[in-house]
Amino acid sequence: GKNEYDLLVIGGGSGGLACAKEAAQFGRKVAVLDYVEPSPQGTKWGLGGTCVNVGCIPKKLMHQAALLGSALKDAQHYGWNIAQPVHHTWSVMAQAVQNYVKSLNWGHRVQLQDKKVKYFNMQGSFSDPHTIRGLTKAGKETIVTAENIVIATGGRPKYPTHTAGALEYGITSDDLFWLKESPRKTLTPFVFNVSLECAGFLTGIGLDTTVMMRSIPLPFFPYQQQMASLVTEHMECYGTKFLKRCFPTKVEKLESNKLQVTWKNNDLGTEETDCFDTVMWAVGRAPDIKTLNLDAVGVKTNSETGKIIVDASEATSVPHIYAIGDITEGRPELTPTAIAAGKLLARRLFGQSSELMDYDNVPTTVFTPLEYGCVGLSEEAAVQHYGSDNIEV
C-alpha cells in the first residue's frame with residue numbers, strides 16, 4: 001500500500017528533531033514518534049531527548065551555578081563586599097533549571113507544528129520494514145507507515161547489575177537534574193565524564209561529594225590521561241573526595257533512610273563502608289533499542305554493544321531504514337554530531353545532496369570544574385597510530 005509519510009523519525013532528541021525539521025523544509029510529509037520510558041526511580045520528561053532534558057543543558061546550568069559560587073568566594077579579594085558565609089539553595093536552582101527545560105520542551109513542540117511535522121507521543125516498534133506500531137501510555141495503538149524511517153532513540157544510563165541494591169536505591173543522571181530537594185551527601189561510583197561533571201558541580205554548590213574510581217579517570221573517551229589527571233587533581237583541591245581503585249559491592253537502606261554503601265578497596269584488599277544520602281551511578285549508557293523489534297525487520301546490531309551498525313550514509317542493513325546519533329555503532333556520543341548527521345541525511349534523502357557526515361576531528365568538551373576541551377587524536381592514540389618516533393608532544 002501507499003506509505004503515509006515520506007519520513008518517519010523514531011526518537012525526538014536533538015538528532016531526530018533536526019532530521020525531521022530539515023526534511024520538512026523540502027515539503028515532505030514527516031512524522032516524529034517520541035516516548036520517554038520513566039527511569040527506574042520514576043523520573044520522566046518531555047520532548048527534546050537526553051541533551052535537553054537530562055544531559056548537557058541542565059548539567060551546564062548547574063555547572064554555571066557552581067562557577068558562580070566560586071566567583072563569589074573570589075570576589076571579596078577583588079574588593080566586592082559579599083556577606084559571608086554564602087549559602088546555596090538547591091530547590092531554587094532546581095526549579096529554575098526545570099522550568100527552563102520545560103520551556104525548551106514546549107519550544108520543540110511549537111517548532112514541529114510550525115514546520116507541519118506530525119508529532120506522536122508514542123513508543124514505536126517495527127511490525128514490518130515500512131510499518132511502525134505506536135503505543136500510547138494508555139495502551140492505545142496507532143499504525144504509521146513511511147517510505148523512509150530514521151532511528152534516533154539514543155541511549156539510557158546503565159545500572160551496575162552486579163551490585164546488590166544498586167537499582168532499588170541508586171539514581172542516575174536521568175534523575176539528578178529533576179530532584180526537587182538537595183541530594184545532600186552524594187557518592188558517584190565509576191568515572192565517566194558525567195560522574196566527574198556532576199561531582200564537580202555538587203562540590204561547587206557546597207555538597208559533600210565522593211567519586212569512586214575503579215581504574216583511571218575518564219576511561220572511555222579520547223582524552224589524554226595526563227589531562228584527565230589534571231581534572232581530578234583540580235577537583236580534589238576544591239574538595240571532591242576520591243576513593244581510588246575501589247568498587248562497590250552493595251547498597252543497603254538504613255532505618256534513618258541513609259544509604260550504607262559497602263565497597264572493596266583493591267589496593268588494600270579490604271572491605272569498607274560509609275553512609276550517603278544519594279548514590280548516583282555513572283557506569284555508561286546503553287542503546288535504547290529493546291522495544292524497537294529490530295530483529296523482525298533485519299536491522300543488524302553489534303551483539304556486544306547493542307548499537308545499530310550503519311554505513312557512511314547512516315544506512316542500516318535495511319536500505320530505507322537509517323540510524324543517527326548515540327544509537328549508532330562507532331560514532332561519537334555528542335549532540336552536535338547527531339544534529340549535523342540528521343540534517344545531512346535529510347538533505348541526501350530529499351534535497352539532491354550527496355554530502356556525508358565527517359566524523360573525524362570532532363571537538364568535544366567536559367564541563368568539569370576545570371573545563372577541558374579536546375580535538376583530534378589523544379597522545380596515546382597518536383603514539384599507537386604513528387609510533388612515538390613520528391609524533392612531537
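Helices (H or I, at least four residues) and strands (E, at least two) are DSSP runs, numbered from the N terminus. The views show a predicted model, in which local features need pLDDT of at least 70, side-chain atom pairs count only at pLDDT 80 or more, and totals for chains, interfaces and linings use all residues. Residues are numbered from 1 along each chain as its sequence is written, and side-chain values use heavy atoms, with hydrogens and water left out.

**View A. Asn265 in strand β12.** Asn265 belongs to strand β12. With a relative accessibility of 9%, Asn265 counts as buried (buried is under 20% relative accessible area, exposed over 50%, partly exposed in between; 1.4 Å probe, protein chains only). A polar atom of the Asn265 side chain lies 3.0 Å from the backbone nitrogen of Asp267. This is a polar contact, that is, a pair of N or O atoms within 3.5 Å; within protein, one must be able to donate a hydrogen and the other to accept it, and residues adjacent in sequence count only if both atoms are side-chain atoms. Neighbours within four places in sequence aside, Asn265 is in contact (heavy atoms within 4.5 Å) with Arg245, Cys246, Thr270 and Glu272.

**View B. The open sheet β11-β12-β13.** Three strands form this open sheet in the order β11-β12-β13, with antiparallel pairing (two strands pair if DSSP finds at least two bridges between them). β11 (246-253) and β13 (270-276) are the edge strands, each with a single partner, so one side of each has no neighbour in the sheet. On average, neighbouring strands of this sheet are turned by 25 degrees against each other, direction ignored; axes are lines fitted to C-alpha atoms, for helices over the stretch in contact, and angles run from 0 to 180 degrees between N-to-C directions. Between β11 and β12 (residues 259-265) there are 7 bridges, and Phe247 stands opposite Lys264 in β12.

**View C. Strand β2 and its partners.** From β2 (residues 30-33), Val30 and Val32 point one way and Ala31 and Leu33 the other, and all are buried. β2 pairs in the parallel sense with β1 (residues 5-10) over 4 bridges, where Val30 is the bridge partner of Leu7. Strand β3 (residues 118-120) also runs parallel to β2, joined by 3 bridges, and its Tyr119 stands opposite Val32. β1, helix α1 (residues 14-25) and β2 make a right-handed β-α-β unit: with the strands pointing away from the viewer, the path from the first strand over the helix to the second runs clockwise.

View D. Buried residues of α3 include Pro58, Met62, His63 and Gly69. The buried residues pack against α2 (49-54), α4 (90-114) and α7 (193-204).

**View E. Glu197 in helix α7.** Glu197 lies in α7 and is buried, with a relative accessible area of 3%. Its side chain reaches the backbone nitrogen of Phe367 at 2.7 Å. Beyond neighbours within four places in sequence, the contacts of Glu197 include Lys59, Thr365 and Thr368.

**View F. Helix α9.** Just after α9, Gln352 takes a positive phi of about 55 degrees.
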